[in-house]
Amino acid sequence: MTAATTAAGDGGGVRRFVPPPRAAVDPQVFGQPLFAGLQDVRDLLVGPDWPSIAALDARLSLPGLQLVEQDAALLADGLHYEARIAQGRIATRADNWHDLFNALVWASHPQLKRALNVQQCRHIEAMPPGQRNRAQAALTQFDETGVIVRVRDDTLLRAWDGHDWPALFEPTRWQGGDIAIAAVFGHALMEQALLPGRLLVGKCVVVQGDADAACVDAVTAAIAEGRAVTDPLQLRPLPLAGIPGWHEGQDDAFYRNADYFRPLRAGRQYPPPLVRLPL
């Protein structure tokens, strides 16, 4: 999915985002917790020069897939972006933050990305040309702004259910591991985090457990089996700047900003944790 989107609060609105030029990005940005999963490829993110598509493909070496430059010749095949991936080619724009992050997520979570692609292709084939269903919207939102959260305390889920943000973001609960980010998956979130201080919202799938890899595997299996991410309303919004240590100035006034920490919408309900893993 190539459109740069962000889900603002619980509204799920889609906005175009223009990232800063590569030369304007301070390398210290990549020390933010949101980029924790990309430290092994940090050299691809810093420095003045973009990796070529061929060099990026060789470096990442995605099993059964090739990063191919998205140009007029490629697009002339008339294939849908997702259908092309199913055939083994990921259309990738040169010198483009969004597509670079997409490629890096493919490298770090290939099975999860594959599961999303299979579901997208299934729905594309079932829908009339030019039309999308709610499952496709959910899959796109998760691909672009997805976060996997692991939780091992039901009281935190109840706080999240009611948008009791001070209770959800109570620092000792995060420091003690009662709740944690298992993976930042959305490549559009990464692109937008290039601007320090930006108030981002992740769209989350929640797993009850205490092992990051197992939680990612559980989400992968649930998507592959059509049990999760089938409707945008299944995804829980999480104001990422509220996570202790993820933003400067996290005082009481910050958490009272209702434009960002939005109250629960009347009638809004969230699903239970996706899978109850052994604790």
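Me: In what order do the four strands of the open sheet run?
Reply: The sheet has mixed pairing, and two strands pair if DSSP finds at least two bridges between them. Strands (E, at least two residues) and helices (H or I, at least four) are DSSP runs numbered from the N terminus. This is a predicted model, where local features need pLDDT of at least 70 and side-chain atom pairs 80 or more, while totals for chains, interfaces and linings use all residues. The order is E4-E3-E5-E6.

Me: Which are the edge strands?
Reply: Look for strands that pair on one side only. Those are E4 (179-184) and E6 (236-239).

Me: Which residue in E5 is the bridge partner of Val 151?
Reply: E3 (residues 146-151) and E5 (residues 201-208) pair in the parallel sense over six bridges. Residues are numbered from 1 along each chain as its sequence is written, and side-chain values use heavy atoms, without hydrogens or water. The partner of Val 151 is Gln 208.

Me: Which side chain makes a polar contact with the side chain of Asn 117?
Reply: Asn 117 is found in helix H5 (residues 110-126) and is buried, with a relative accessible area of 4%. A polar contact is an N or O pair within 3.5 Å, within protein one able to donate a hydrogen and the other to accept it, and residues adjacent in sequence count only if both atoms are side-chain atoms. At 2.7 Å, the partner is Glu 82.

Conventions:
Buried < 20%, exposed > 50% of the residue type's maximum accessible area, 1.4 Å probe, protein only.
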